[in-house]
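Thanks for passing this one along. Here are my notes, to be read alongside the structure.

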Amino acid sequence: MVSIQTRWRLPRALLALWLSTLLAAHAQSQSQPADAPRADPLDAKAKVPELRYESPLASFRRLDNTTPVPWRDANDLVTRIGGWRVYTREAHQPAPEAQPSHKH
């Protein structure tokens with residue numbers, strides 16, 4: 001008997017391969033205009049578009065003032081605030097726009 005995990009490995013792998021191919025094709029189509037001539041892949045001197053890379057950490061926000069608190073104090077604070085329902089409501093609200101800091 002085949003386990004459920006084994007049964008779903010191949011479809012998951014095929015889906016991941018298909019999605020990665022789709023995303024790569026989309027990225028390539030976005031990097032070149034539709035009417036741009038394509039470079040000959042066999043010509044080593046052919047001009048190709050410049051490679052662009054954007055780090056996934058570019059939008060990283062560091063948490064400031066992350067002083068650990070005892071877990072009992074953290075639980076009491078959550079209870080005073082209103083419990084997990086308040087956090088759920090906050091999670092569904094749009095993020096506030098970052099205000100530019102003016103340092104002189």
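The points below go from the model and its confidence to the fold and then the surface.

1. This is a predicted model, in which local features need pLDDT of at least 70 and side-chain atom pairs count only at pLDDT 80 or more, while totals for chains, interfaces and linings use all residues. Residues are numbered from 1 along each chain as its sequence is written, and side-chain values use heavy atoms, leaving out hydrogens and water.

2. The average pLDDT (the predictor's confidence in each residue, from 0 to 100) is 78 for the protein, with 77% of the residues at 70 or above. Confidence is lowest in α1, at a mean of 74, and highest in helix α2 (residues 71–81), at 90.

3. The secondary structure consists of 3 helices and 0 strands (DSSP runs numbered from the N terminus: helices are H or I, at least four residues; strands are E, at least two). Along the sequence the pattern is α-α-α.

4. Of the 104 residues, 2% are buried (under 20% relative accessible area; exposed is over 50%, partly exposed in between, with a 1.4 Å probe and protein chains only).

5. Do look at Trp-18, which sits in helix α1 (residues 4–31) and is exposed, at a relative accessible area of 52%.
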